[in-house]
Amino acid sequence: LKYAFIPLSCAFFLFSAATASIGAERITAQELKAMLDAKEKVVLIDVRTPQEHYEARIPGSILMPLDTLEGVSKLPEGGKQIIYCRSGKRSLKAIEILEKKGFKDLTDLEGGIIAWTAIGGPVVSGPSR
């Protein structure tokens, strides 16, 4: 039993190393909510599928599915660019893709929309406007 912790700690180390290797700045759902409540300028980029975006999204977010990012030549401007997905895995992959294309100062929402809804963050559904 004393060795049961080793795989978990190794997995955490590898995930931390992968996150650090792309240099992604990360924020928590609470930090994002505070930014939005303070009316700070942010651009929320949802890298989930169109169906996931339709079902529930953070208000004001822009859909840019992960599988379309290789062809992106510019990102929406207007504030701090925060990338999110369902749980945080695809958003890190999205940041990795975008940074290889030369984009900088991208921020990952830790825990994705799951973390956002867990703190009571509002979501909307239906077609984007």
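Predicted model: local features only at pLDDT ≥ 70, side-chain atom pairs only at ≥ 80, totals over all residues.
Colleague: How far apart are the end C-alpha atoms of α4?
Modeller: Helices are DSSP runs of H or I with at least four residues, strands are runs of E with at least two, and both are numbered from the N terminus. The expected span is 1.5 Å times one less than the number of residues. Helix α4 covers residues 89-100, and its 12 residues should therefore span 16 Å. The end C-alpha distance agrees with this, at 17 Å.

Colleague: Which residues of α4 are buried?
Modeller: Buried means under 20% relative accessible area with a 1.4 Å probe, protein chains only. In the protein chain, 37% of the 129 residues are buried. For α4, the buried residues are Ser-91, Leu-92, Ala-94, Ile-95, Ile-97 and Leu-98.

Colleague: Which strands stand at the edges of the sheet?
Modeller: The open sheet has 5 strands with parallel pairing, in the order β1-β5-β4-β2-β3; two strands pair if DSSP finds at least two bridges between them. An edge strand has a single partner, so one of its sides is left without a neighbour in the sheet, and this applies to β1 (25-27) and β3 (62-63).

Colleague: What is the bridge partner of Ile-45 in β3?
Modeller: Strand β2, residues 42-46, pairs with β3 in the parallel sense over 2 bridges. The partner of Ile-45 in β3 is Ile-62.

Colleague: Is Ser-61 buried or exposed?
Modeller: Ser-61 sits in the loop between α3 (50-55) and β3. A polar atom of the Ser-61 side chain lies 2.8 Å from the backbone oxygen of Ile-58. The relative accessibility of Ser-61 is 9%, and therefore the residue counts as buried.

Colleague: How much space lies in the largest pocket?
Modeller: A pocket is an open set of points on a 1 Å grid where a 1.4 Å probe fits, with protein on both sides within 12 Å along at least five of seven lines; lining residues have an atom within 4 Å of a point. Here the lining consists of Arg-57, Pro-59, Gly-60, Ser-61, Val-124, Ser-128 and Arg-129. The space in the largest pocket is about 180 Å³.

Technical notes:
Residues numbered from 1 in each chain as written. Heavy atoms only, no water. Buried < 20%, exposed > 50% of the residue type's maximum accessible area, 1.4 Å probe, protein only. Points joined across faces, edges and corners; volume = space filled by probe spheres on them. Polar contact = N/O pair within 3.5 Å; in protein donor to acceptor, adjacent residues only side chain to side chain.
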